[in-house]
Amino acid sequence: MIIAPSMLVADFARLGEDAAALEAAGADWLHWDVMDGHFVPNLTHGALPMAACRECCGLVFNAHLMISEPLRYLDDFIEGGADVIAAHIEAEDDAREFLQAVRDAGRRPALAINPDTPADEVRGLLPMIELITVMGVHPGFAGQEFIEDTVGKVAEIRRLIEAEAGREVHIQVDGGVGTDNIRRLLDAGADVIVSGSFVLQHPEGYATAISELRALE
Ligand code: DX5
Ligand code: ZN
């Protein structure tokens with residue numbers, strides 16, 4: 001299981017220290033929640049904070065682009081050191097074009113789908129995708145209630161991958177994940193877990209939060 005804490009819940013006055021602390025606490029990836037205030041009703045940041053942390057953390061950087069025009073800003077994330085780069089299938093840009101551009105840049109192409117988007121929508125794109133981000137909440141904010149239907153959707157996507165992808169494709173669940181639902185998500189076929197609030201707001205700190213999640217693997 002890959003654990004990817006979401007930097008949306010990090011201390012933006014000490015991002016570099018938080019990134020290094022999460023690495024020391026046993027995180028595998030860092031998840032960067034990029035929002036444009038148009039595709040989602042919140043505005044966070046572009047590639048700058050991620051690029052600024054690139055040298056102080058050896059973890060895989062997973063950029064989650066909740067933006068209408070991912071192709072327009074893709075180069076910023078490539079130059080900023082993003083490894084796994086996900087656009088939303090619901091964005092204005094063509095998903096195929098985006099996935100190909102990420103692949104051409106030698107990075108790992110990923111696609112995110114919202115709770116209201118049927119799993120079927122990703123079928124034809126599976127051969128181009130390294131990771132599918134299944135949203136466990138409506139995108140825009142951390143700390144939201146987990147949408148239970150996400151578990152069944154993960155299982156459906158795992159079946160689609162096994163039937164049609166002909167290769168390994170990670171399933172990432174993003175939003176509302178914690179110790180109360182992680183076991184069911186892993187059983188359904190997820191293997192990458194994003195966590196904002198559970199890890200970064202855990203009363204006993206990042207390392208305890210991450211080991212509690214790993215204990216349920
Ligand atoms: C929501 C983001 C998620 C979220 C995760 O739009 O994509 O990454 O911030 O935070 P929690 O784990 O608190 O739901
Ligand atoms: Zn996210």
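Two residues are said to be in contact when heavy atoms of theirs lie within 4.5 Å. This tour uses that term at several stops.

The structure is a predicted model, in which local features need pLDDT of at least 70, side-chain atom pairs count only at pLDDT 80 or more, and totals for chains, interfaces and linings use all residues. Residues are numbered from 1 along each chain as its sequence is written, chains are lettered from A and ligands numbered from 1 in the order in which they are written, and side-chain values use heavy atoms, with hydrogens and water left out.

**Stop 1: arginine 167**

Select arginine 167, in the loop between helix 5 (149-165) and strand 7 (170-174). Helices (H or I, at least four residues) and strands (E, at least two) are DSSP runs, numbered from the N terminus. Leaving aside neighbours within four places in sequence, arginine 167 is in contact with Arg103, Leu126, Pro127, Met128, Ile129, Glu130 and Ile161.

Which backbone oxygen lies 2.8 Å from a polar atom of the side chain of arginine 167? That oxygen belongs to isoleucine 129. The backbone oxygen of proline 127 lies 3.3 Å from a polar atom of the side chain of arginine 167.

Is arginine 167 buried, partly exposed or exposed? Buried means under 20% relative accessible area, exposed over 50%, and partly exposed in between (1.4 Å probe, protein chains only). Arginine 167 counts as partly exposed because its relative accessibility is 30%.

**Stop 2: an aromatic pair**

Next, select tryptophan 32 and phenylalanine 61. The structure holds one aromatic pair. Rings of Phe, Tyr and Trp (its six-membered ring) pair if their centres lie within 6.5 Å; planes under 30 degrees apart count as stacked, over 60 as edge-to-face and the rest as tilted. Tryptophan 32 and phenylalanine 61 are edge-to-face, at 5.4 Å centre to centre and with 65° between the planes. The pair links distant parts of the chain, for tryptophan 32 is in strand 2 (residues 29-35) and phenylalanine 61 in strand 3 (residues 60-66), 29 residues apart.

Tryptophan 32 counts as buried because its relative accessibility is 0%. Phenylalanine 61 is also buried, with a relative accessible area of 0%.

**Stop 3: helix 3**

Select helix 3 (residues 70-79), where Pro70, Leu74, Phe77 and Ile78 are buried. They cover an arc of only 95° around the axis, so they are on the same side of helix 3. The arc is that of the directions from the helix axis to the C-beta atoms. On the other side of helix 3, Arg72 and Glu79 are exposed. The buried residues of helix 3 pack against strand 2, helix 2 (48-53), strand 3, strand 4 (84-88) and helix 4 (95-104). Glycine 81, which follows helix 3, has a positive phi, near 95°.

**Stop 4**

Finally, select helix 8 (residues 206-214), in which Tyr206, Ala209, Ile210 and Leu213 are buried. Seen down the axis, the buried residues of helix 8 fall within an arc of 95°, so they line one face of the helix. Their packing partners are strand 1 (2-5), helix 1 (15-24), helix 6 (182-188) and helix 7 (197-200).

Which residues does valine 199 touch, not counting residues up to four places away in sequence? They are Pro5, Leu22, Gly205, Tyr206, Ala209, Ile210 and Leu213.

Notes. A polar contact is a pair of N or O atoms within 3.5 Å; within protein, one must be able to donate a hydrogen and the other to accept it, and residues adjacent in sequence count only if both atoms are side-chain atoms.
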